[in-house]
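Please look at the structure below before reading on. The text then leads you through its strands and its rings.

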Amino acid sequence: KAMIDTAKIIDVRSEDGKIGLFDTVELFMEDEGEVETIQIVTTLRQNTLAGLVSKDSPIGRALLGHKVGDRVKIKVNDTYSYFATVRSIKKGKDDELV
């Protein structure tokens, strides 16, 4: 009941070429020197082991609205942050499974 009482409509539209909800993003992680692929999802769907990252997580919040080529600072907490570069964006859509 509390979840329904506090529910909000999420606008899933994003500008062409910019990262939005449900998009799959390929990132170059500078600290690791590796490429990772993640999908930005709602909090209920997050599963980091499967590459599903919440829009409310530090990386999700940092990436939304960025475009290919952007170097993004991901602030984990007051003492730790790291950089990732957006390599590609594949537009996604809500699968309405939840």
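The paragraphs below take the strands and then the aromatic side chains.

This is a predicted model, in which local features need pLDDT of at least 70 and side-chain atom pairs count only at pLDDT 80 or more, while totals for chains, interfaces and linings use all residues. Residues are numbered from 1 along each chain as its sequence is written, and side-chain values use heavy atoms, with hydrogens and water left out.

Start with strand 1 (residues 24-29) and strand 2 (residues 34-41), which run antiparallel and are joined by six bridges. Strands here are DSSP runs of E with at least two residues, numbered from the N terminus, and two of them pair if DSSP finds at least two bridges between them. Val-25 has Ile-38 of strand 2 as its bridge partner. Four residues lie between strand 1 and strand 2, which form a hairpin, and in the turn Gly-33 has a positive phi of about 65°. Strand 2 also pairs with strand 3 (residues 52-54), in the parallel sense and over three bridges. There, Leu-52 in strand 3 stands opposite Gln-39.

Now turn to the rings. Rings of Phe, Tyr and Trp (its six-membered ring) pair if their centres lie within 6.5 Å; planes under 30 degrees apart count as stacked, over 60 as edge-to-face and the rest as tilted. The count by this rule is one aromatic pair. Tyr-80 and Tyr-82 form this tilted pair, with 6.0 Å centre to centre and 35° between the planes. Tyr-80 is partly exposed at 40% relative accessible area, whereas Tyr-82 is buried at 16%. Buried means under 20% relative accessible area, exposed over 50%, and partly exposed in between (1.4 Å probe, protein chains only).
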